[in-house]
There are 2 protein chains.
Amino acid sequence: MRSVVEDLTTRARIRDVAIERFPKDGFAGTTVRAIAKNAGVSPALVLHHFGSKEGLHRACDEYVVHMTMEMKREAIETGAYREPGAIAATYQLAEPTLRYLAWTLGTGSETAARIFAEFVGEVTVQLVQGKEQGLINEYHGDPQKQAAVLVAMQLGGLMLHDQLTRALGVDMLTAEGLMASAPYTLQIFSGELFNREVMAQTKQTIEQLQPAPDAKQRATK
Amino acid sequence: MRSVVEDLTTRARIRDVAIERFPKDGFAGTTVRAIAKNAGVSPALVLHHFGSKEGLHRACDEYVVHMTMEMKREAIETGAYREPGAIAATYQLAEPTLRYLAWTLGTGSETAARIFAEFVGEVTVQLVQGKEQGLINEYHGDPQKQAAVLVAMQLGGLMLHDQLTRALGVDMLTAEGLMASAPYTLQIFSGELFNREVMAQTKQTIEQLQPAPDAKQRATK
DNA sequence: CAACCAACTGAACGTTTGTTTAGTATTCTG
DNA sequence: CAGAATACTAAACAAACGTTCAGTTGGTTG
């Protein structure tokens with residue numbers, strides 16, 4: 001909606017400050033006055049540009065969603081990412097944007113649902129297409145559900161970036177951090193971590209405990 | 001610290017209301033008055049019991065951490081959980097407790113770090129011991145780092161419970177939800193999802209791009 | 001029964017909150 | 001260069017905030 005050219009305006013500066021502060025102190029915990037002070041303007045100007053504090057929140061959401069989609073689209077076009085997919089590309093976003101993204105996902109807001117659904121949709125396509133191309137062996141059950149579980153796993157690393165950064169000793173919001181964690185992720189995904197027999201047995205046990213996918217509406221115990 | 005017996009007091013009721021509201025509206029977004037109203041007491045009583053709003057926050061943290069550790073200890077003693085470990089047992093906690101846990105993990109607080117480290121510590125032991133017992137084939141590099149990545153993945157499902165609940169059609173904060181997602185998780189962990197050759201190639205590419213684990217302190221780019 | 005202590009409330013406190021309003025610079029437009 | 005729109009501020013507003021304080025209740029103890 002807003003072009004990149006006019007994106008260095010005072011309005012943009014205010015928004016960028018908000019994007020930085022909201023994840024840190026929460027929405028209610030971030031005051032309009034604090035944002036204004038950080039942006040070097042009066043509190044009234046913040047509301048002049050965004051109507052209300054909630055309006056500023058919406059503008060931040062929109063911007064971050066826009067940037068995320070843009071980054072993914074670009075990554076897909078240039079092919080500059082590898083399996084398991086779209087999320088890896090996200091890490092090319094600026095750090096505050098990533099922090100905001102992780103924060104939003106945890107709020108359970110409508111924006112969070114939108115972003116999650118977007119990721120799931122894309123990974124679903126990658127699963128189905130990948131299967132045809134031989135990149136994917138076999139997904140369990142519904143590809144959309146398989147994608148959702150996969151996306152949740154990947155985003156877990158994003159949402160817990162602070163903890164992972166400490167554990168791995170590399171900033172997880174940078175490409176370097178993603179690279180550092182990738183071998184560990186791949187070790188898990190490759191099936192080389194857990195013993196095959198134990199897993200197969202566990203899988204069988206779980207599937208026996210569960211009703212068949214068709215048999216719905218059973219009385220609870 | 002506090003026994004289970006005296007845990008149905010007014011004090012406990014106030015704390016339980018706080019545990020329910022903090023994840024929903026955030027710390028700053030939850031008012032002492034709202035908590036008092038929900039607990040059916042005066043705002044002054046909240047501060048009488050907990051000293052301050054921040055004191056209430058600490059009490060909630062302590063309680064949830066205590067319950068989490070207790071649940072894990074019990075699960076380990078009875079052996080009532082399977083790989084990949086300690087996190088699965090956590091799902092036996094009450095739903096508000098789980099929501100609070102997920103929220104805290106996202107705040108990056110000291111409590112979050114404590115809980116994460118606790119999980120990582122336990123999973124690390126499981127990895128090392130599991131390898132001796134043949135349950136674990138081979139972890140990549142440092143077992144603690146491998147555990148951290150594993151824990152982050154698993155907790156991703158917890159933190160994104162709202163989204164996963166929608167995607168899978170089962171409440172992810174119940175044992176039923178965990179069971180429903182398990183086959184999808186296992187499909188990923190078993191190595192049956194992604195093509196082996198593609199993964200091996202990706203792994204090799206990444207390891208080539210990275211310096212050897214020993215060679216530290218290289219100039220950036 | 002007196003003395004005490006913890007549980008609990010109503011009312012008020014000073015502060016901070018988001019927002020409004022009236023007005024001043026600055027920039028665009030014909 | 002007049003005029004209109006836009007960018008921006010200082011000051012003030014009512015509402016809501018966390019917290020305090022003085023006081024009441026109800027059970028326990030000597």
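The surface near DNA strand C divides into seven nonpolar, five polar and three charged residues. This is a predicted model. In it, 15 residues surround DNA strand C. The closest are A:Ser52, A:Lys53, B:Thr10, B:Ser42 and B:Ala44.

From α1(A), the contact uses A:Arg15, A:Ala18, A:Ile19 and A:Phe22. From α4(A) come A:Leu56, A:Ala59, A:Cys60, A:Tyr63 and A:Val64. By class, the residues of this contact are eight nonpolar, no polar and one charged.

Now turn to the pairing of the chains. Chain A brings 64 residues to the contact, and chain B brings 65. On chain B, several helices each supply at least two residues of the side that touches chain A. They are α6 (95–107), α7 (110–133), α8 (143–159), α9 (161–168), α10 (175–189) and α11 (196–209). The largest share comes from α8(B), with 12 residues. By class, the side of chain B that touches chain A has 34 nonpolar, 21 polar and 10 charged residues.

How are the two chains related? Two copies of a chain are related by a rotation about an axis and a shift along it. The same surface serves both: 98% of the contact residues of chain B recur in chain A.

How far does the predictor's confidence reach? Chain A averages a pLDDT of 87, and 87% of the residues score at least 70. Within chain A, confidence is highest in helix α3 (residues 43–50), at a mean of 98. Confidence is lowest in helix α5 (residues 86–90) of chain A, at a mean of 69. Two stretches of chain A have a pLDDT below 50: residues 1–6 and residues 214–221. Beyond near neighbours in sequence, residues 1–6 have one contact in the model. Residues 214–221 likewise have one contact beyond near neighbours in sequence. Where pLDDT is low, the predicted coordinates should not be read in detail.

Notes
Residues numbered from 1 in each chain as written. Chains lettered and ligands numbered in written order. Predicted model: local features only at pLDDT ≥ 70, side-chain atom pairs only at ≥ 80, totals over all residues. Contact = placed C-beta atoms within 7 Å. Helix = DSSP H or I, 4+ residues; strand = E, 2+ residues; numbered from the N terminus. Nonpolar A, V, L, I, M, F, W, Y, C, P; charged D, E, K, R; others polar. pLDDT = per-residue confidence, 0-100. Near = placed C-beta within 6 Å.
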